[in-house]
2 protein chains.
Amino acid sequence: MNKLAIPSQLDTTILAETFRLLGDPTRLRILFFCLDEPRSVGDIATSLDLSQSLVSHHLRLLRGARLVRGNRQAKQIFYELADKHVSDMLVDMAHHVCEESGED
Amino acid sequence: MNKLAIPSQLDTTILAETFRLLGDPTRLRILFFCLDEPRSVGDIATSLDLSQSLVSHHLRLLRGARLVRGNRQAKQIFYELADKHVSDMLVDMAHHVCEESGED
DNA sequence: CAAACATATCAATAATTGTTCATATGTATG
DNA sequence: CATACATATGAACAATTATTGATATGTTTG
């Protein structure tokens, strides 16, 4: 079915932008931390030992790319992965990387 | 089945490294160009309008991460994706990104 | 509405990384 | 073995980006 043609240069740039955002250890840790349940900014910062400012900056980038989504609940804002696509993608990639040794 | 635990900080770094390499438009274009058939360095450079040096530098990084693999054939070296994992991953991600609008 | 708390933003710095140009290595051919 | 060709490497530069510290915005509670 849907065989993938070589993406246009524009598409490639958009795709690369997503990869780029996932390509930072701090951001990846934040994403995995929010994978199972929504987490407040403060919780993320404390649990991952990052400054509140840094977490906020990264969340902004992730929000901008619609990789995460935040819900305000009183004073706190709880972030979670934006949708199932994103979480599947993360999990898949993690598996891909674990299974490093290929069949070739 | 295999539910994914939160990766260790080390694993996260390794995973991020892979994402990071995919997160550059030039490298992604090179990868997609080599997706269907092996391509020589010169062919890549000409077809994608990049300097030979630049292509070679990027190929080195991709080789280092075992994302591509090169076969010498006389004077030329033909690069292709390292294995099916890598190509599947690329195609999957491209689909994920195309289907941007989630079910949430 | 002031004080306390949680998150976001701004400006500046430090570190990383993509790109270029010059040159080296390796390979075939006359 | 010299020349031409294809790719790789090294040093330097330019640009991008992660991180920090200080401060602003927004939200609740007394």
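Just after H4(B), Arg66(B) takes a positive phi of about 55°. This is a predicted model, in which local features need pLDDT of at least 70, side-chain atom pairs count only at pLDDT 80 or more, and totals for chains, interfaces and linings use all residues. Residues are numbered from 1 along each chain as its sequence is written, chains are lettered from A and ligands numbered from 1 in the order in which they are written, and side-chain values use heavy atoms, without hydrogens and water.

**H4 of chain B**

- Helix H4 (residues 52–64) of chain B has 13 residues; helices are DSSP runs of H or I with at least four residues, strands are runs of E with at least two, and both are numbered from the N terminus.
- From first C-alpha to last, H4(B) reaches 18 Å, close to the 18 Å expected at 1.5 Å a residue (1.5 Å times one less than the number of residues).
- Val55(B), His58(B), Leu59(B) and Leu62(B) are buried in H4(B) (under 20% relative accessible area, with a 1.4 Å probe and protein chains only).
- Seen down the axis of H4(B), the buried residues fall within an arc of 105°, so they line one face of the helix; the arc is that of the directions from the helix axis to the C-beta atoms.
- On the other side, Arg60(B) and Gly64(B) are exposed (over 50%).

**H2 against H4 in chain A**

- Helix H2 (residues 25–33) and helix H4 (residues 52–64) of chain A have their axes 10 Å apart.

Key
Axes fitted to C-alpha atoms, helices over the stretch in contact; angles between N-to-C directions.
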